[in-house]
Amino acid sequence: MKKQDITFGIHALEAVLNHSPERVIEMWVLQGRDDQRLTPLLEIAAQYGVSIQKTSRKALDEKAGSTQHQGVLARVKAVKQLNDNDLLALLEKTEMPFLLILDGVTDPHNLGACLRNADAAGVHGVIVPRDNSVGLTPVVSKVACGAAEVVPLFQVTNLARTMKALQEKGVWIIGAAGEAEHDLYKADLKGPIAIAMGAEDKGLRRLTRESCDSLASIPMSGSVSSLNVSVATGICLFEAVRQRIS
Ligand SMILES: C[S@@+](CC[C@H](N)C(=O)[O-])C[C@H]1O[C@@H](n2cnc3c(N)ncnc32)[C@H](O)[C@@H]1O
């Protein structure tokens, strides 16, 4: 298991410092960068005795492997990877589970955006297959704007088996598929549910699709054949939110 990670971006680091400051080992800030958005971050970091170094843009770009660091980057203790057992433990203590399954999303920007949507919608956890999916990379954390630090991400070895275990606990699984006959807006999304989304190129895998209790489509009027997975995720989750609060 990885022991340390790099996290960058103001929102991502703000979330780590607010939720688990003990994870931050050391921070680097862009030399000459002195704006109000960074000050509170640096103050919290200083309270926890985190060493803060000023450095060049080039050094930050290299450490981040990206230019999207917003002038701040940290070396952090890696979070524990959550698995099937952790998911079952979550179900035990959750009265009305609201879960998101991502069946093989590989683009870190899409996973980051899905985590951001999941957090905003109040999803209890996101489930991904361990293989053929992007994990919690620094780009995912940056794009998730802090959601990667608070939304549990369960990486499971056999997604179909996990889906069966969810169903045995009373969770109804709705797969989002553009070609499904049933309209998402007519589906009942009020009870204990998991919404399953497909991968960028191939959509839901056959076994995942067959493991769903029902399939639903987001009605579309234009000429494109499908929506981006993070956009579709947002629509599905917030339709569920709309139904669950009304
Ligand atoms: C980019 S799409 C995948 C397109 C892929 N060519 C396919 O055949 O499914 C990624 C995922 O977003 C969701 N999605 C996209 N458009 C949708 C729609 N109109 N209705 C329901 N889900 C949709 C589905 O879960 C889909 O698997």
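The protein chain is assigned two domains, domain 1 (4-77) and domain 2 (84-245), with bounds that come from an automatic or database domain assignment. This is a predicted model, in which local features need pLDDT of at least 70 and side-chain atom pairs count only at pLDDT 80 or more, while totals for chains, interfaces and linings use all residues. Residues are numbered from 1 along each chain as its sequence is written.

**Where the domains meet**

- The centres of domain 1 and domain 2, taken over C-alpha atoms, are 30 Å apart.
- Domain 1 puts 14 residues into the contact and domain 2 puts in nine residues; two residues are in contact if their C-beta atoms, placed from the backbone, lie within 7 Å.
- On the side of domain 1 that touches domain 2, β1 (4-8) and α1 (10-19) are the elements giving two or more residues. Helices (H or I, at least four residues) and strands (E, at least two) are DSSP runs, numbered from the N terminus.
- With six residues, α1 gives the most to this side of domain 1.
- This side of domain 1 has six nonpolar, six polar and two charged residues. Here Ala, Val, Leu, Ile, Met, Phe, Trp, Tyr, Cys and Pro count as nonpolar, Asp, Glu, Lys and Arg as charged, and the others, Gly among them, as polar.

**The annotated residues**

- An unreviewed UniProt entry places the feature "binding site" at Gly 198, Ile 218 and Leu 227; such annotations may be inferred rather than shown by experiment, feature names are shortened, and positions are given in the numbering used here.
- These residues spread over 30 residues of sequence, yet they cluster in space, with a largest C-alpha distance of 13.4 Å.
- Gly 198 sits in strand β9 (residues 193-198). Gly 198 is buried because 23 other C-beta atoms lie within 10 Å (buried means 20 or more other C-beta atoms within 10 Å, exposed 12 or fewer, and partly exposed in between, with C-beta atoms placed from the backbone).
- Leu 227 lies in the loop between β10 (214-216) and α9 (229-245), and is partly exposed, with 15 other C-beta atoms within 10 Å.
- Not counting residues up to four places away in sequence, Leu 227 touches Ile 218 and Ala 232.

**A helix pair**

- The axes of helix α5 (residues 108-121) and α9 come within 9 Å and cross at roughly 10°. Axes are lines fitted to C-alpha atoms, for helices over the stretch in contact, and angles run from 0 to 180 degrees between N-to-C directions.
- By class, the contact of α5 with α9 has eight nonpolar, five polar and no charged residues.
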